[in-house]
Amino acid sequence: MKKILLASAITVSLFSVSAQAAPINQTLNDRLAFRIGPFFPSIDTKVKVGSQEQDFEDYLDDHATTAAVKGIWRISNHFRLNFGYWAIDRDDSTSLGISVPIGPITVPATATITASFDSSLASAALGWSFVRTDTTEFGVDLGLSALSLKSALDASVAGIKIASFTALDETYPLPTVGVYLTQALSPKWSFEARFSGIGLSIGEDFKGTVIDAMGAVEFRPWQNVGFGLAYVYNEADAELKDVGDGLDIKWEYQGPFAYLTFGFGEVN
């Protein structure tokens, strides 16, 4: 009789433990979360005006360090807002060894070229999570990415500016379609991936494409604070035929993004 009672007690105890819910990974349960940290992209940018093409990495460093922020606002159990922003401003000067055309002027080999390229990407997208559990979130989103691009080349001889050419100073709003996945690997570790992009033509005057992707691994030792390491890839191409002889700007930014997570509130 004692053996039967002991076995029954052990069985009830094991069932009680197994019936308890596993700890929820807080990364999948934040109402509002910000991921903030340094972004270290390698850069490739080209501007073509008419038949003249300038590769800005001939004058500018092809690597940079900037700050980036990416965030999530879970409006409800299935609706969420994905958003992000980063900006990179670069400028540098170099002495020419050969003659170079800048706009309508051919700059002599003795000149000093100052190049600048300022760029930023702001994005926001409303998502719907088809799958939403304690361990997995998967969905699609529709949003808008604003590409802000400003580039210029100046030439000077003995400190006197002899030529100045602003290739572009524009902001291009482009709609995007994306997919996202967040998967808990354990109560403290998770993996996240997101991919969005679009190709858009407006009549014969504008054609643009943008691709924005990120994969990340995050460690969440505390409820409101965590750490993550991501790889970010961004590519864009905007062509405007109604600007002068036609303007085509292409860029590619990609590199690691190390961040701190600050989470607030809970969905469940």
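Strands here are DSSP runs of E at least two residues long, numbered from the N terminus. In this predicted model, Thr 66 lies in strand 4. That strand spans residues 66–74. Thr 66 counts as buried because its relative accessibility is 14%, and the cut-off for buried is under 20%. Beyond its neighbours up to four places away in sequence, Thr 66 touches Gly 37, Pro 38 and Phe 39, as well as Ala 87 and Ile 88. Phe 40 is 26 residues away from Thr 66 in sequence, yet the two C-alpha atoms are 6.7 Å apart.

The chain as a whole contains 14 strands and 1 helix. Of its 268 residues, 40% are buried. Contacts between residues at least 6 apart in sequence were also examined; 66% of them join residues at least 24 apart.

The loop between strand 3 (52–55) and strand 4 holds Asp 61. With a relative accessibility of 47%, Asp 61 counts as partly exposed. Asp 61 belongs to a surface patch of negative charge.

Side chains of opposite charge can pair when their charged atoms come close. Across the whole structure, 9 salt bridges were found. One of them joins Glu 218 to Arg 35, with 2.9 Å between the closest N and O atoms. This pair links distant parts of the chain. Glu 218 sits in strand 12 (residues 206–219) and Arg 35 in strand 1 (residues 30–39), 183 residues apart. Both Glu 218 and Arg 35 are buried. The two residues also take part in a network of salt bridges, together with Asp 30, Glu 192 and Arg 220.

A salt bridge also connects Arg 194 and Asp 141, whose closest N and O atoms are 2.9 Å apart. Again the pair links distant parts of the chain: Arg 194 is in strand 11 (residues 189–202), Asp 141 is in strand 9 (residues 136–157), and 53 residues separate them. Arg 194 is buried, at a relative accessible area of 17%. Asp 141 is buried as well, at 1% relative accessibility.

Arg 132 and Glu 137 form a further salt bridge, with the closest N and O atoms 3.8 Å apart. Arg 132 and Glu 137 are both buried.

Terms used. Residues numbered from 1 in each chain as written. Predicted model: local features only at pLDDT ≥ 70, side-chain atom pairs only at ≥ 80, totals over all residues. Heavy atoms only, no water. Patch = residues over 30% accessible without salt bridge, like charges linked within 9 Å, V, L, I, M, F, W, Y side chains within 5 Å. Areas by Shrake-Rupley, 256 points an atom, 1.4 Å probe, with all protein chains shown as cover. Salt bridge = Lys/Arg side-chain N within 4 Å of Asp/Glu carboxyl O. Lys, Arg positive; Asp, Glu negative; His and termini not counted. Charge placed at Lys NZ, Arg CZ, Asp CG, Glu CD. Helix = DSSP H or I, 4+ residues; strand = E, 2+ residues; numbered from the N terminus. Buried < 20%, exposed > 50% of the residue type's maximum accessible area, 1.4 Å probe, protein only. Contact = heavy atoms within 4.5 Å.
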